[in-house]
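I opened my notebook to write down, entry by entry, what I looked up in this model.

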Amino acid sequence: MCAANPARLGKLLRVAFVCLSAFLLVGCVTFAGLWITIPLDSERVKRIEASPALYDVKGRLFHLRLSPDSEWQVPIPLSDMGKWLPLVAVGVEDGRFYRHPGVDPLALLRATAQNLAARRVVSGASTITSQLIRLSISERETTDAQLPARRARSMGTKVREFIQAMKLERLMSKEKILEHYLNRAPFGGNIRGVQAAALIYFGKPAAKLSPGEACLLIGMLKGPTLYRPDTRPEAAKRRRDTVIRFLRDRGVLDAGEANRALLEELPRHRHAPPLRAFHFAELVLGGHAPQDENGRTDTTLDIEVQTKLESLLRQSLSDLPAEVTLAAGVVDNRTARLVGWVGNARFGDGNKNAWVDCGRAPRSPGSALKPFAYLSAIDQGLLTASTLLADSAMAFSGRAPRNFDLSYRGAVSVRVALAESLNAPAVRVLRLAGPERVLHLMRQSGLRHLTESVSHYGDSLILGGCEITVLEALEAYTTLASLGRHRPLALLASQAPPHETRLASEAACWLLGDILDNRGQLTTLTREALGRSWHAALKTGTSYGLRDAWSGAWTPDYTTVVWVGNPEGDPWTGLVGAKAAAPVAVRILRAISPKSGWYDKPDGLLLRPVCSLSGRPPTAACPATRLDWSIEGVSRTIPCDLHIIRKGKPSLMWPSELSSGETPPEQIQKKAALTITSPIPEAVYVTAPLDRRQRIPMRAEGAAGRIWWYLDGTYIGTSLPNETFFHSVPDGRHIIGATDEEGRSAVTNVSVVTPGRRQPESPLLR
């Protein structure tokens, strides 16, 4: 009996071994068969139907749209998820994640034992890898008709997921698997991924979540709908606290971190996804902007500039009727990038037209295009800032163009004609420069809606008889601000540097900007807000019938264009460019460029003496001269033809366009003369030997607008009317000159003496 027992035991062991071997063999064959027959679409795991997400120039998310699956999903790298989310996810969902091959054998044994003991499924053995398979493949393969089967989670499905999980572990690193899982995890409703969940539940990116907030989100994965903090706060809190204590017991959180996490308040409501700059987003996404695999598009928008722009336009609405709105944009002149865009300042206030992007709607520009005719004429050498023009009646398609105030001014300089936006001189300049050439310049500058022929527009081209958009005007004005360099506007950070085309000389554009750096057209409050040392070139436009108010303005750093009007095109008496649009444009530039300087004088600009009246090089008959800018080798040198010697006496001969009309040419002689009151003629200033600055006061009366000061023919600065201007003057005898915005000038002599020093002689008095 005893002897038989060992033999029987040995036989039983052999049978058991054979059975076990057969079982293992069958298992291995089965596993091998499953491994071969169950495919893994790894590309499907990597591919995410992400929400289109727009980021600003500094990498800040500002606009989000629903994904093709109508979900909020913002994939981000694991490194952007912060410290706590990955740590909590591994600690709660898969403690041995970094040690198993995709399937956790210990978890399988535990789940099997628990399920057998309970005679029902009470525990699973899913790993983070298998859950990623379920989220990316299994659920995507299940149709709506198969939803009950999906909920049943059959054994076959589990086996399939485990095989695919093991395969995925051979193709993808643990970090990438965790990243994809956290980017696909559901968080209730149509929210997927930790970044979208952090933005919507907490109003901040995932990287900034606290331990308690991370525990709340990861805790929701057990039941995304059951533990939503906005709809089931008590259940969400219990689940979060359970997770915190579990991680504390496992050593993932220390006691202090856990206690602080338990005291954190739960979010009581969901935050709206980022939806800033709606019309800019439409502009970018409507153009089929390229997106990376995570739906990300890096744009040129600067959210700080955008915030200031939106705020200023919103403030400006308070003075306008409900049916009138604003559109504006800002361009960085250094890069030609659009950094701010508001297509309709009433977006979001319930207005029926608030969705309309007025900045892309063609509208009449009024006088906003006049600078391009003047630029063309100056660049051809036909005009300088001091050239005399006629503001008088002229033939114009059977009518005579009149100014906004329905009057003529007679003889005016180019500086006055452009700064005051006079119509008759502008038409004369258009004809002088050549309409074909001016139209070509406008088109090259970016005004793409100017598609008709010159004969179609006629002289009205320069008076608003055409249509442009704010976006086009921004591109064109940026060309002026860039001193003649045209570059297409950039909307995407990934765009190659724009191709640059020179359309005009730097000298001509500098002269144009100097003319438009004029505050006479601004209201008193706006001028005071600017301060004395801040410069900006500004041009306004008002369309026929008071339907559109425009203003384009620039500094060396930024360009802005503002449009004010009714989206439906109805008129309003307040739609005047100088009053409705110009103050807004100035405030925009002042806000984003508070310390703006001005351009350095380009090469080729020279000060030359000109007749004080005609602005041309003087003759012996000219009674007075002054200094003004000209472009060397370009500006015409035709001498003054207004002053002649007749019967041995100087005489004034007006051109035909000024010899008749409502305003007699003699009116220009009746205006108050510009007079230098300080320093007085032949004044002698004695300075102390140790005073190196030797500054003397300069002041003029009777000036029309700004005053330009010159020392021995060299420009030294500007001042406002009745303002004292101080400038250092070296020892010796000097000529001090002043010129106002109407081209009138005055000169005086002054001597500066420092006792004990030899007195040099002024080069202009030799």
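Predicted model: local features only at pLDDT ≥ 70, side-chain atom pairs only at ≥ 80, totals over all residues.

I looked up Cys611 and found that it counts as buried at 0% relative accessibility, where buried means under 20% relative accessible area, exposed means over 50%, and partly exposed lies in between, with a 1.4 Å probe and protein chains only. Residues are numbered from 1 along each chain as its sequence is written, and side-chain values use heavy atoms, with hydrogens and water left out.

How many disulfides are there by the rule that a pair of cysteine sulfur atoms lies within 2.5 Å? I got a count of 0 disulfides. Cys611 is in no disulfide, and the nearest cysteine sulfur, that of Cys622, is 3.7 Å away. I also checked Cys358, which is buried with a relative accessible area of 3%.

Next I turned to an open sheet of 5 strands, whose order is E7-E6-E14-E13-E12 with antiparallel pairing; strands are DSSP runs of E with at least two residues, helices are runs of H or I with at least four, and both are numbered from the N terminus. Two strands pair if DSSP finds at least two bridges between them. Strand E7 (337–342) and strand E12 (537–542) stand at the edges with a single partner strand each, so one side of each is left without a neighbour in the sheet. Strand E6 (residues 325–332) pairs with strand E14 (residues 558–565) in the antiparallel sense over 8 bridges, and Ala328 stands opposite Val562 in E14.

Among the helices, I looked at H3 (residues 84–93), which is mostly covered, since 8 of its 10 residues are buried. The buried residues of H3 include Trp84, Leu85 and Glu93.

My last entry is on Glu682, which I found in the loop between strand E19 (675–678) and strand E20 (683–686). Is Glu682 buried or partly exposed? Glu682 is partly exposed, with a relative accessible area of 44%. Not counting residues up to four places away in sequence, Glu682 touches Arg733, Thr748 and Asn749, where contact means heavy atoms within 4.5 Å. The C-alpha atoms of Glu682 and Thr748 are separated by 7.3 Å, although the two residues are 66 residues apart along the chain.

Definitions and conventions
Disulfide = S-S within 2.5 Å.
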